[in-house]
Structures are given as structure tokens and as C-alpha cells.
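The sequence and the structure come before the text.

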Amino acid sequence: MTQIFNLRNALAAAFLLPAGCSSWNPLVAMGIMGQPAHKPTPLAPIKASVTPRMAWSAQVGKAGGFAFRPNIADGRIYAAAADGSISVIEEATGRVAAKLETKKPLSGGVDVGDGKIVAGTLKGEVVAVDLAGKPAWTTSVAGEIIAPPAFSGKTVLVRTADGRIFGLSAEDGKRRWVFQRPTPALLLRTSAGMMPLGRDVVAGYPNGKLIALDVDDGKLIWEVNVSVPRGATELERIADVAGLPVVDGGTVCAAAYQGKVACFEIQSRNMLWSRDVSSSLSLAADKRLLYVIDDTGAIHGLDRASGASVWKQDGLRYRKLTSPVLFEGHLVVGDGFGFVHVLSAEDGSLIGRLASDASSVNWLVPGPAGLAMQTEKGTVALVRF
């Protein structure tokens, strides 16, 4: 885990490696960078006004260092594990209704659509099974898959760690198109994936780019520069848009590592505003604020219209935070030590805390019945206030 760069959730926006390299070791392990200089901020007592609790929890299998994102669909939570299993859990009760076996070690997943469940492997295999666990198809894309595939109608979108995006037939897995472009010598490996949006798919790219592709043919629809790489060395010039953006109506906001947070008008590509805040995580937003976690773990509430700072929370710095999510009007993040933190969206104060299984919280996903959480040790829980 490249803690030197504060890329939270080891594989959820995490490793800095040469483009196209098949090694799974981070720069620290390679001896390129030293150990992190900052210790996690100790948790201070808070004045709690919200009491998060686990309505239920289930064990689905360890993540094995990958950042699996649970998927919520039709009253069920689908959760993958590194051993190749996919658990199907009743959202209301936590009962494990089924445990499906793909017979492939998994590294990225899952999504559900068109009567199928899809996940990916480090060997570049996209595996699809039906809802009963029967194999539907397997397709090779010749690249490590650490982000969850995504359904968009009858197309399965897959992103490899080297930045290529594939459009596969949801029916049989056959390749429909592939989008690729040259990548710099170093890039962030991100498990954030892509954002299907109607007939488009939006994705961040190295060199500060945010792009949108046509789901039907993979052609580039629009592109904006969130940030411009700066610096004398390859390490200093890493400026990837590694997390998912926020799209609302005709505007889009995104963040770049070692770069800026910026908002654009999609139709004209005009930049509305930008701020010098470096982030490798996805953003969250409500009508008033844009929420950004910078690379120290400080959480920022920025005015959506102007980018002006409204509040900043420093109490969780260097705690390996997840991307922020909004739930029941509050901002929620998980950390690398098994805690879920609730913040006031109004002023950023810490107003609630929940301890899980003492392992890294990898993802938080809001759903109709609660907030689905998945940890490194394989706990899937439904959190309610």
C-alpha cells in the first residue's frame, strides 16, 4: 500500500506503478519510496448526535488486499471475495440466500444486470454467472481488472488497470469495442472504475483528463482537463483523475491527484471553477456542497457554485479513508482501521462513530434499507442511524 502518497484503501485508488507493469508491488515494496512519515491521527472523543449501528452483519470471505465494492439490487446485496465466491444477501435481514462459486480468484467486482452477475480477475478474465450461479460466459481482456465491471443496458463495461475500457456484450461476453490511449510512465491503479450515465460512460484518466464515451461504440464524446501535470520527474507529474466524478444536470466536477478539483459545464467544456486540492478518491455532492477528501485525509466541504471553502475537517487525517458518501443527509466515510465516521454535512463536525471488525473498510454503498459496508476481513454489514 503506497501510504507515502496517502492513496487510501490499498486498491481503491492505491498503487503507483509503471504503466503496463504486471507487478503487484507498490513503490514502497520496490524500494523506490520510503515508509510513510505520518502516523494516523488518533481518534478524539466526539459529541455524538447520530448513533450508527449494524442492523446485521454477514461473512462473505476475505478481500485479499483488493477493494471489493458490494452491489445492491432488487432487495439483495451482492458481495465478492478474493477466493472467487459471490455472496447473495437479503438486504432486509442479512440472511445469506446463496453463495455462488465462480471458480476464479477475483480481484474486481461486482455488478448485476441483465440477469447476470459479473466480476473480474487479475488475469484479465471477465466472469459472468446467472443469478443461480450457473456460468454464463468468460471473456479475456488481457489486463488486470481491479475495478468492478458495470452494466449499461446490454453492454458490460470493463476497465483494466492500464486504463483500457472495453464494451462487452452482456449476452455472450463478445467484445464490441475497446477504448485506449497512450499512458504515462507512471499512473495510479484505481478500483473506482467508471460511471455509466445514460448512453454514456464517464471515466477519469491520467494527465488530469476526464472523458465520456458512447456506450454503443466506445467513441469519445467529450473530454476536459481537470488538471495539468507539473514537475520535473515522472513521480511529480502524476496527475490522474483516479476517483469517480460528480455529474449533475449539465455540470461535472472531478479531482486529480497532485492537481486540482474543478467543475465544468459539459456542453461548452468551460471550466466554472477550480481549486488546488489533490485527491485520488471519488467525490460526493449535494445541492449546496461538493465533498472532497485530500491526500492527507482532510475532508473539505466546498461551495458548489464557486469552489469556496465552507468547512474543513482535519480529525481523520492519515487514516486511509474511503471515498465519501451521503446518507440520510449526513456525510459518511470509512477508515483503514475498521471505523465508520459520520460528519455533519452542514459544518463538517464529527457527529457519529461505529467500530466494525478492526480491518480496513473498503467501500460504503448507500441503499434503500441502509448503508452497505464491506471490509478487508470479509464483513458485509448494513449500517443504519
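## Charges over a ring

A charge sits over a ring if NZ of Lys or CZ of Arg is within 6 Å of the ring centre and within 35 degrees of the ring normal. The ring of Y205 has the charged end of R159 over it, 4.7 Å from the ring centre. The charged end of R181 also sits over the ring of Y205, at 5.7 Å from its centre.

## Basis of the model

This is a predicted model, in which local features need pLDDT of at least 70 and side-chain atom pairs count only at pLDDT 80 or more, while totals for chains, interfaces and linings use all residues. Residues are numbered from 1 along each chain as its sequence is written, and side-chain values use heavy atoms, with hydrogens and water left out.

The predictor's confidence in each residue is given as pLDDT, from 0 to 100. Its mean over the protein chain is 90, and 91% of the residues reach 70 or more. Over residues 1–34, pLDDT stays under 50. For this stretch the model has 115 contacts beyond four places in sequence, a contact being heavy atoms within 4.5 Å. Where pLDDT is low, the predicted coordinates should not be read in detail.

## Overall form

One helix and 34 strands make up the secondary structure count of the protein chain. Helices (H or I, at least four residues) and strands (E, at least two) are DSSP runs, numbered from the N terminus. The C-alpha trace spans about 50 × 45 × 45 Å along its principal axes.

Of the 385 residues, 58% are buried. Buried means under 20% relative accessible area, exposed over 50%, and partly exposed in between, with a 1.4 Å probe and protein chains only. The protein chain exposes about 14700 Å², of which carbon and sulfur atoms supply 51%; accessible areas come from the Shrake-Rupley method with a 1.4 Å probe, and for residues only the protein chains shown count as cover. Among contacts with a separation of 6 or more, 49% join residues 24 or more positions apart.

## Aromatic pairs

The structure holds four aromatic pairs. Rings of Phe, Tyr and Trp (its six-membered ring) pair if their centres lie within 6.5 Å; planes under 30 degrees apart count as stacked, over 60 as edge-to-face and the rest as tilted. One of the pairs is Y291 with W311, with ring centres 6.0 Å apart and planes at 40°, so this pair is tilted. Y291 lies in strand 25 (residues 289–293) and W311 in strand 27 (residues 309–313), so the pair ties together parts that are 20 residues apart in sequence. Both Y291 and W311 are buried.

Another pair is F327 with F385: the centres are 5.3 Å apart and the planes stand at 80°, so the pair is edge-to-face. F327 is in strand 28 (residues 325–327) and F385 in the segment after strand 34 (379–384), and the pair links these distant parts of the chain, 58 residues apart. F327 is buried at 8% relative accessibility, whereas F385 is partly exposed at 26%.

## Two buried strand residues

V127, in strand 9 (residues 125–130), is buried with a relative accessible area of 6%. Beyond its neighbours within four places in sequence, V127 has contacts including I117, V118, A119 and W137. Its C-alpha atom is 8.8 Å from that of G173, 46 residues apart along the chain.

L364 belongs to strand 32 (residues 361–366) and is buried, with a relative accessible area of 5%. Residues up to four places away aside, L364 touches V325, V332, V340 and L371, among others.

## Backbone details

G109 and V110 are joined by a cis peptide bond with omega of about 5°, and V110 is found in strand 7 (residues 108–113).

A142, which is not a glycine, has a positive phi near 55°. A142 lies in the loop between strand 10 (135–140) and strand 11 (150–152) and is exposed, at 58% relative accessible area. R269 also has a positive phi, about 65°, although it is not a glycine. The loop between strand 22 (261–265) and strand 23 (271–275) holds R269, which is partly exposed at 34%.
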